[in-house]
Amino acid sequence: MNLVVRKRRGQKSLRMHFDDHGTLIVSAPWFATKSQIDSFISANSAWIEEHGSKIPSHTYASGDALPFLGRSLPLYVFKGEKNVFLRDDGIYVFVRHPDNKESVKRELYRFYSRMLYSYAMEKVPVFCKRMSLEVPTIEICNAKSRWGCCYRLKKLIKLSAILACLPPNLIDMTIIHELCHLVYDGHGEDFKAMLEKYVPDIKEREKELKEISRSGIVRNLF
Ligand SMILES: [Zn+2]
């Protein structure tokens with residue numbers, strides 16, 4: 001389990017929660033000492049165990065189930081020259097050392113990045129045309145704490161490879177959300193109006209995304 005301690009100025013007491021990727025975030029007042037933080041963590045070990053165990057973990061071996069474009073696909077791992085391919089019945093990974101989880105994980109990350117990139121390259125120009133926007137540069141990253149982000153001045157949108165786990169309607173929503181940031185920086189009224197114009201069922205989609213995040217199925221994949 002990953003642990004991140006964040007010290008905050010305004011905060012008066014210690015708090016903790018799991019983020020969408022199963023990292024335990026402990027937020028502490030700036031004056032909290034290491035031993036205070038450690039004893040807070042051990043005093044809450046039962047809570048941590050209960051909530052942490054709800055986050056499914058992957059084995060990265062044949063038999064594992066991987067979320068991909070909103071489906072759950074079986075993983076097959078074989079010994080061979082590095083390669084990953086998608087078939088109707090599953091995701092096939094070839095690596096030199098099939099027992100090495102890290103190398104399977106690395107190949108999966110490359111595969112998800114590639115799939116998301118080609119998906120985005122197909123969709124972004126269509127959305128931009130509809131939204132009367134110039135097509136931005138698209139990059140795929142390994143962000144854990146956000147689905148995407150937009151650098152308005154650089155006309156650059158970064159999408160997290162983990163997005164490829166989601167059903168296409170939620171990937172589209174995220175892409176359109178970031179495209180709206182090419183026009184508006186924050187999440188103000190103008191931004192919301194633009195997003196709703198291009199994603200009229202945004203409320204339902206956001207709810208669906210929240211449920212997926214909460215269920216933990218896309219957590220900790222890479
Ligand atoms: Zn945003």
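**Exercise 1.** In what order do the strands of the open sheet of three strands stand, and what kind of pairing does the sheet have?

*Solution.* The structure is a predicted model.

Step 1. Consider strand β1 (residues 3-8) and strand β3 (residues 24-29): they run parallel and are joined by six bridges. Within this pair, Arg6 stands opposite Ser27 in β3, and Arg8 has Pro29 of β3 as its bridge partner.

Step 2. Consider next strand β2 (residues 15-18), which is joined to β3 by four bridges and runs antiparallel to β3. Here the bridge partner of Arg15 is Ser27 in β3.

Step 3. The order of the open sheet is β1-β3-β2, and the pairing is mixed.

**Exercise 2.** Determine how strands β6 and β7 pair and what joins them.

*Solution.* 

Step 1. Locate the strands: β6 covers residues 83-87 and β7 covers residues 90-95.

Step 2. Five bridges connect β6 and β7 in the antiparallel sense. In this pair, Val84 stands opposite Val93 in β7.

Step 3. A hairpin leads from β6 to β7 through two residues.

**Exercise 3.** Describe how helices α4 and α5 pack, and classify the residues of their contact.

*Solution.* 

Step 1. Begin with the geometry. Helix α4 (residues 168-180) packs against helix α5 (residues 189-198) at an angle of about 140°, and their axes are 10 Å apart. This angle makes α4 oblique to α5, because an angle would have to be over 145 degrees to count as roughly antiparallel.

Step 2. State the handedness: the crossing in which α4 passes α5 is right-handed.

Step 3. List the residues that meet. From α4 these are Ile176, His177 and Cys180; from α5 they are Phe191, Met194, Leu195 and Tyr198.

Step 4. Classify the residues of this contact. Six are nonpolar, one is polar and none is charged.

Methods. Residues are numbered from 1 along each chain as its sequence is written. This is a predicted model: local features need pLDDT of at least 70, side-chain atom pairs count only at pLDDT 80 or more; totals for chains, interfaces and linings use all residues. Axes are lines fitted to C-alpha atoms, for helices over the stretch in contact, and angles run from 0 to 180 degrees between N-to-C directions. Angles under 35 degrees count as roughly parallel, over 145 as roughly antiparallel, 65 to 115 as roughly perpendicular and the rest as oblique. A crossing is left-handed if the near helix is turned anticlockwise from the far one by less than a right angle, and right-handed if clockwise. Two residues are in contact if their C-beta atoms, placed from the backbone, lie within 7 Å. Ala, Val, Leu, Ile, Met, Phe, Trp, Tyr, Cys and Pro count as nonpolar, Asp, Glu, Lys and Arg as charged, and the others, Gly among them, as polar. Two strands pair if DSSP finds at least two bridges between them.
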